[in-house]
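Visitor: I am new to reading protein models, and I would like to go through this one slowly. Could you take my questions in turn?

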Amino acid sequence: MKFKITERKIGWHKEFDSSHFLVLPYESKCLRIHGHTYNVDVEVWGELNENGMIFDFNHLSNLIKLLDHKMLVSEDWVSINGEGNVVVEENGKHLEFPRDEVVILNKPNVTAELIAEWFAERIAEKAGQNIKKIKVKIWEDPRSYAEITLER
């Protein structure tokens with residue numbers, strides 16, 4: 001009996017450390033600035049491209065480098081001052097950071113669900129036409145994760 005290829009998929013796992021806080025309409029410890037050692041799992045389905053790859057792992061590593069040891073904030077909370085620093089005003093906070101210490105997410109909040117969505121969208125931006133499906137799982141701790149799947 002001969003086998004045939006029915007699908008191709010790559011998987012990738014990495015961790016990064018970042019800080020954030022949430023904006024919520026109720027009392028929660030997550031309103032305060034805190035950090036996580038996030039773990040991210042990525043799966044990408046597709047056909048081989050002209051380089052014999054589904055997707056280049058280097059693109060994923062570069063995303064981690066962008067997020068690692070940074071403060072994650074929503075674009076809705078940000079203004080830039082004259083020195084180019086990022087000013088965050090939300091939850092009664094007035095915070096100012098050097099620009100290279102902050103990642104501004106184009107999301108209304110900085111939940112695990114929205115970080116996973118942001119990560120998946122960045123992968124999709126680099127995806128060739130050979131990519132069929134992208135799955136991202138962001139773990140905030142060993143018990144809690146958010147997962148998103150994008151498909152063509």
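Visitor: Is Asn91 buried, partly exposed or exposed?
Guide: This is a predicted model, in which local features need pLDDT of at least 70 and side-chain atom pairs count only at pLDDT 80 or more, while totals for chains, interfaces and linings use all residues. Residues are numbered from 1 along each chain as its sequence is written, and side-chain values use heavy atoms, with hydrogens and water left out. Buried means under 20% relative accessible area, exposed over 50%, and partly exposed in between, with a 1.4 Å probe and protein chains only. Asn91, at 28% relative accessibility, therefore counts as partly exposed.

Visitor: Where is Asn91 found?
Guide: Helices (H or I, at least four residues) and strands (E, at least two) are DSSP runs, numbered from the N terminus. Asn91 has a positive phi of about 55° although it is not a glycine, and most residues other than glycine have a negative phi. Asn91 lies in the loop between strand E5 (86-90) and E6.

Visitor: Which residue has a side chain joined to that of His94 by a polar contact?
Guide: His94 belongs to strand E6 (residues 93-97), and with a relative accessible area of 51% His94 is exposed. Leaving aside neighbours within four places in sequence, His94 is in contact (heavy atoms within 4.5 Å) with Val87, Val88 and Glu89. A polar contact is a pair of N or O atoms within 3.5 Å, where within protein one must be able to donate a hydrogen and the other to accept it, and residues adjacent in sequence count only if both atoms are side-chain atoms. At 2.5 Å, the side chain that makes such a contact with His94 is that of Glu89.

Visitor: Is Lys107 buried or exposed?
Guide: Lys107 sits in the loop between E7 and H2. Leaving aside neighbours within four places in sequence, the residues in contact with Lys107 include Asp76, Glu117 and Trp118. With a relative accessible area of 6%, Lys107 is buried.

Visitor: Within what arc do the buried residues of H1 fall?
Guide: In helix H1 (residues 57-67), the buried residues are Leu60, Leu63, Ile64 and Leu67. The arc is that of the directions from the helix axis to the C-beta atoms. Seen down the axis of H1, these buried residues line one face of the helix, because they fall within an arc of 100°.

Visitor: Which elements do the buried residues of H1 pack against?
Guide: The protein has two helices and nine strands, and from the N terminus on its elements run β-β-α-β-β-β-β-β-α-β-β. The buried residues of H1 pack against both kinds of element, namely strand E1 (9-20), E2, strand E3 (70-74), strand E7 (102-105) and H2.

Visitor: At the start of H1, which residue has a backbone nitrogen that a side-chain oxygen of Asp56 reaches?
Guide: The place to look is the start of H1, where the side chain of Asp56 supplies the oxygen. That oxygen comes to within 2.8 Å of the backbone nitrogen of Asn58.

Visitor: How many of the 152 residues count as buried, as a percentage?
Guide: Along its principal axes the C-alpha trace of the protein spans about 65 × 35 × 25 Å. Of the 152 residues, the share that counts as buried is 40%.
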